[in-house]
Amino acid sequence: MSLSLAGLWLLGGLLGGGDETRDCSASAQAGASTMQRIAESWPLRFAGDPVRRYVLRLGQRIVAQVDPHHVDDWRFFVVRNLEPTAFAVGGNRFVVSDGLIAFVRNESDLAAVLAHEIAHQRLGHFCDHAPTDAERIRYGSIVQHFDLDTERAADADALHLLKAAGYDPGSMFEVLRCLSERPGAPVSQLQARMRVLQSSSVRDQPRAHVRVGGLEEIRAHILEESGSSLQRCQ
Ligand SMILES: [Zn+2]
């Protein structure tokens, strides 16, 4: 039971045509209604699903660093799709795929993806850039749904988020490397971002190494359900 990659292109249509891109409150509202439409038409995991619960805990742990009093306002969803995909919808809503969870090396790398998406929201990127570009979900948000400068800004903010949440900031680079090694990946764009990350001053490991824990079990659950042997980044 998985959504085809072509199905993911639907989002481009869902998000297209908005004229309210300069207004942040309208952008938040658009995000909520887009998420509603996604929930109606995509195979999302239900609230009590262990995979979704895991992603929620991980996402909220990062959010707690920047919005500790409104953690529950940030919503994290998981789509049953085996392509490694993640994107922000706007309005504090985020979607990651089964495929991404199965693809990443570890919890820290998955946290990097979420931190990057959270950074887009935090930095107000949805106020100025309506995510109308279906390109953004071809390989997940990690690739380009905004222009390169915007992606780099989100990467830079993600490093601070990761460190604050007790994860290795180096995971941002590593997860881009992983995606760049996939067949058909937009290598030059990803490498442009990786070059900036390589020269970043936020490189040292955080003191705390607390984990949500349980990624291996969650991954095994996804593989068992999908009957697939998904390749994992090394
Ligand atoms: Zn991005």
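The disulfide of C178 and C233 is left-handed, with -80° about the S-S bond. This is a predicted model, in which local features need pLDDT of at least 70, side-chain atom pairs count only at pLDDT 80 or more, and totals for chains, interfaces and linings use all residues. Residues are numbered from 1 along each chain as its sequence is written, and side-chain values use heavy atoms, with hydrogens and water left out.

The S to S distance between C178 and C233 is 1.9 Å. A disulfide here is a pair of cysteine sulfur atoms within 2.5 Å. A search of the whole structure gives one such link. C178 belongs to helix α9 (residues 170–180), while C233 sits in the segment after α11 (215–226), so the bond ties together parts 55 residues apart in sequence. Helices (H or I, at least four residues) and strands (E, at least two) are DSSP runs, numbered from the N terminus. Both C178 and C233 are buried. Buried means under 20% relative accessible area, exposed over 50%, and partly exposed in between (1.4 Å probe, protein chains only).

Helix α9 is largely enclosed by the rest of the structure, because nine of its eleven residues are buried. Among them are M172, F173, L176 and C178. The buried residues of α9 pack against α5 (98–103), α6 (107–122), α8 (148–164) and α10 (187–198); contact means heavy atoms within 4.5 Å.

Aromatic pairs were also searched for across the whole structure, and three were found. Rings of Phe, Tyr and Trp (its six-membered ring) pair if their centres lie within 6.5 Å; planes under 30 degrees apart count as stacked, over 60 as edge-to-face and the rest as tilted. W42 and F87 are both buried.

F76 and F94 are stacked, with 5.1 Å between centres and 15° between the planes. F76 is in strand β1 (residues 75–79) and F94 in strand β3 (residues 93–97), so the pair ties together parts 18 residues apart in sequence. F76 and F94 are both buried. Ring pairs link W74, F76 and F94 into a cluster.

A charge also sits over a ring. R182 lies over the face of F103, at 5.6 Å from the ring centre. The criterion is NZ of Lys or CZ of Arg within 6 Å of the ring centre and within 35 degrees of the ring normal.
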